[in-house]
Amino acid sequence: MHRRVFARVAIEKSTVRFDKLFDYAVPEELAERLQPGCRVIVPFGRGNQKMQALVFTLTEHTDYPERCKAVVSLVDEQPIINA
């Protein structure tokens with residue numbers, strides 16, 4: 001059985017109002033490749049606008065797993081920043 005993984009990300013070019021981390025479900029096909037420090041594309045806001053985000057951490061827990069949208073795609077195969 002696949003364990004559920006969530007990426008905690010910062011949305012690039014978001015306004016100060018959204019200056020926080022957001023949780024996104026990591027699809028099974030990306031779970032082995034996604035690492036902290038990689039950029040991803042995620043749906044953001046009510047219109048699900050595709051935005052670039054930076055992964056800060058991966059976790060198996062989130063407060064609202066049923067409300068998490070999924071990461072759309074991976075931009076970087078290797079992290080662009082380190083811890």
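Is phenylalanine 44 buried or exposed? At 14% relative accessibility, phenylalanine 44 counts as buried, where buried means under 20% relative accessible area, exposed over 50%, and partly exposed in between (1.4 Å probe, protein chains only). The model is a predicted one, in which local features need pLDDT of at least 70 and side-chain atom pairs count only at pLDDT 80 or more, while totals for chains, interfaces and linings use all residues. Residues are numbered from 1 along each chain as its sequence is written, and side-chain values use heavy atoms, with hydrogens and water left out.

Start with the sheet. Strands of a sheet pair through backbone hydrogen bonds, either parallel or antiparallel. Here an open sheet of five strands runs in the order β2-β1-β4-β3-β5, with antiparallel pairing. The edges are taken by β2 and β5, each of which pairs on one side only. Strands (E, at least two residues) and helices (H or I, at least four) are DSSP runs, numbered from the N terminus, and two strands pair if DSSP finds at least two bridges between them.

Strand β1 (residues 6-11) pairs with β4 over six bridges, in the antiparallel sense; alanine 7 has leucine 58 in β4 as its bridge partner. Six bridges also join β3 to β4 (residues 49-59), again antiparallel, and there arginine 39 sits opposite leucine 54. The β3-β4 hairpin has four residues between its strands, and glycine 45 takes a positive phi near 80° in it.

Now back to the phenylalanine. Aromatic rings of Phe, Tyr and Trp (its six-membered ring) pair if their centres lie within 6.5 Å; planes under 30 degrees apart count as stacked, over 60 as edge-to-face and the rest as tilted. The count by this rule is one aromatic pair. Phenylalanine 22 and phenylalanine 44 have ring centres 5.3 Å apart and planes at 85°, so the pair is edge-to-face. Elsewhere, arginine 67 lies over the face of tyrosine 64, 4.6 Å from the ring centre; a charge sits over a ring if NZ of Lys or CZ of Arg is within 6 Å of the ring centre and within 35 degrees of the ring normal.

As for charged pairs, the structure holds three salt bridges, each being a side-chain nitrogen of Lys or Arg within 4 Å of a carboxyl oxygen of Asp or Glu. Arginine 8 and aspartate 23 form one of them, with the closest N and O atoms 2.6 Å apart. Arginine 8 lies in β1 and aspartate 23 in β2, so the pair ties together parts 15 residues apart in sequence. Aspartate 23 is buried at 18% relative accessibility, whereas arginine 8 is partly exposed at 26%.

Arginine 33 meets glutamate 77 with the closest N and O atoms 3.0 Å apart. The arginine is in the loop between α1 (28-31) and β3 and the glutamate in the segment after β5, so parts 44 residues apart in sequence are tied together. Both partners are partly exposed, arginine 33 at 37% and glutamate 77 at 44%.

Arginine 39 turns up again in a salt bridge with aspartate 76 (2.7 Å, N to O). That pair links β3 to the segment after β5, 37 residues apart. Aspartate 76 is buried at 10% relative accessible area, while arginine 39 is partly exposed at 23%.
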